[in-house]
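Hi everyone, thanks for coming. Let me walk you through a structure that may be new to you, and please have it open while I talk.

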Amino acid sequence: MNTKDALLIIPAYNESKAIGKIIIEIKNQLPDLDILVVNDGSIDNTDTIAKKYGVDVVSLPFNVGYGAALQTGYQYAQNKKYQYILQMDADGQHEPRELVNLLRVIKNDQVDVVIGSRFLSECNYQASWPRRLGMIIFSKITSLIIKQRITDPTSGFQALNHRVLEFFTSEFYPSDYPDADVIVLLYYAGFRIKEIPVVMYSALNKGKIHNGLKPLYYVFKMFLSIIMIFLRKKPYFYRKENKL
Amino acid sequence: MTPHQKVFALITSIVILLFILELVRKRKIKEEYSWFWLLIGLVIFILVIWYDSLLFVTELVGSETPMTTIFLFGFLFLLFVNIHYSVKISLFTEQIKKMAQKIGILSKEIEDLKNKEKEK
């Protein structure tokens, strides 16, 4: 498959142990794919290791959060005029072999966003029960709002096209953890979303999110964000020009 | 209001005013952030020398005593200041995020340009 018009964005925060292995695996799968690691102010040598493995690295001067790091990658991709974006986490959760599927679907199907869902596939994904509960609640809510079955709104394993890229580099993007709220937002902006099954593992590097009081805050924030999407002026960004 | 209370309140208001003005003079507080602190000093000053105004406001809001009025408005004032700061902090967070993103991308571009130069 031609991968010249695609960029893989990997936001990384203190992932010096995992990043090298992941890059090698990706290069085995898709040798010509351009890869950008966004080093989100890591205090270890994530950036030098990534550079050593021959990928582009954008280093942020300090930690700005997963969402903001990802958005930096979007801005970079937009400057370089990439047509398709792949994104995956640097912690070993996402299986590099799935990238080909994501890319194929975003290129060939009439969709703007492809979400890799761990719950559509037969995988043994392990999560603590509060986290699992949160995921179920928000996948149900999201499905209800966008009138389409969404099983894994939390997934950071995604592919998108340049139209969504343009949308995400505008104001509308959360700094911390893009989640169900972003999917609802995408729906209201008129983008077409598709979920495909992917293999996902429990993160090697535990304690990133959803620990302690965080699940509670997460639930609160997600409700607030979704309600705010309804209260704000709808971003009819793309729907008008949606000729497909 | 006893003369004792009056003197104490006057001194307090004058100290607040002078302290804030001094901080502004030394550029420790920007002018645009000093006005509400100057306002509170001024309000205390006015309430002391024109005690009837406090009694009038007390009547207006239905407080039992003038003291309650002072605490009520003091509390509301601090609430307002804190909300104002939350708005400012949100603005700064957004600006800092954008700046960090820009710095990251620009550094990368400079690095790429330098590498290109070397290859030539």
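**A walk from the core to the interface**

Let's begin with L186(A): setting aside neighbours within four places in sequence, L186(A) is in contact with V113(A), V164(A), F167(A), F168(A), F191(A) and I193(A). Please keep in mind that this is a predicted model.

L186(A) is one of the residues with the most contacts inside the largest nonpolar core, along with L7(A), Y74(A), I85(A), F168(A) and I193(A). That core has 44 residues. There is also a second, separate core of 34 residues, and A6(A), L8(A), V37(A) and V100(A) are among them.

Now look at the helix around L186(A). How many of the nine residues of helix 7 of chain A are buried? Eight are, so this helix, residues 180-188, is largely enclosed by the rest of the structure. The buried ones are A180(A), D181(A), V182(A), I183(A), V184(A), L185(A), L186(A) and Y188(A). And what covers them? The cover includes strand 5 (113-117), helix 5, helix 6 (162-168), strand 7 (193-197) and helix 8 (214-231) of chain A. Just after helix 7, you'll find G190(A) with a positive phi of about 90°.

Next stop, a loop. S155(A) sits between helix 5 (129-146) and strand 6 (158-161) of chain A. Is S155(A) buried or exposed? S155(A) counts as buried because its relative accessibility is 3%, and the cut-off for buried is under 20%. Beyond its neighbours within four places in sequence, S155(A) is in contact with I115(A), G116(A), R118(A) and M200(A).

Finally, let's see where the two chains meet. Chain A brings 19 residues to the contact and chain B brings 13. About 1,200 Å² is buried between them, with carbon and sulfur atoms giving 55% of that area. Two salt bridges are found across the interface of chain A and chain B; in a salt bridge, the side chains of K51(A) and E111(B) meet at 3.7 Å, N to O. Six residue pairs are in polar contact between the chains. On the side of chain A that touches chain B, strand 3 (56-59) and helix 3 (66-79) each supply at least two residues. Helix 3 gives the most, with six residues. By class, that side of chain A has nine nonpolar, six polar and four charged residues.

Notes:
Residues numbered from 1 in each chain as written. Chains lettered and ligands numbered in written order. Predicted model: local features only at pLDDT ≥ 70, side-chain atom pairs only at ≥ 80, totals over all residues. Heavy atoms only, no water. Helix = DSSP H or I, 4+ residues; strand = E, 2+ residues; numbered from the N terminus. Buried < 20%, exposed > 50% of the residue type's maximum accessible area, 1.4 Å probe, protein only. Contact = heavy atoms within 4.5 Å. Core = buried A, V, L, I, M, F, W, Y, C linked by side-chain atoms within 4.5 Å. Buried area = accessible area lost by both parts, 1.4 Å probe. Salt bridge = Lys/Arg side-chain N within 4 Å of Asp/Glu carboxyl O. Polar contact = N/O pair within 3.5 Å; in protein donor to acceptor, adjacent residues only side chain to side chain. Nonpolar A, V, L, I, M, F, W, Y, C, P; charged D, E, K, R; others polar.
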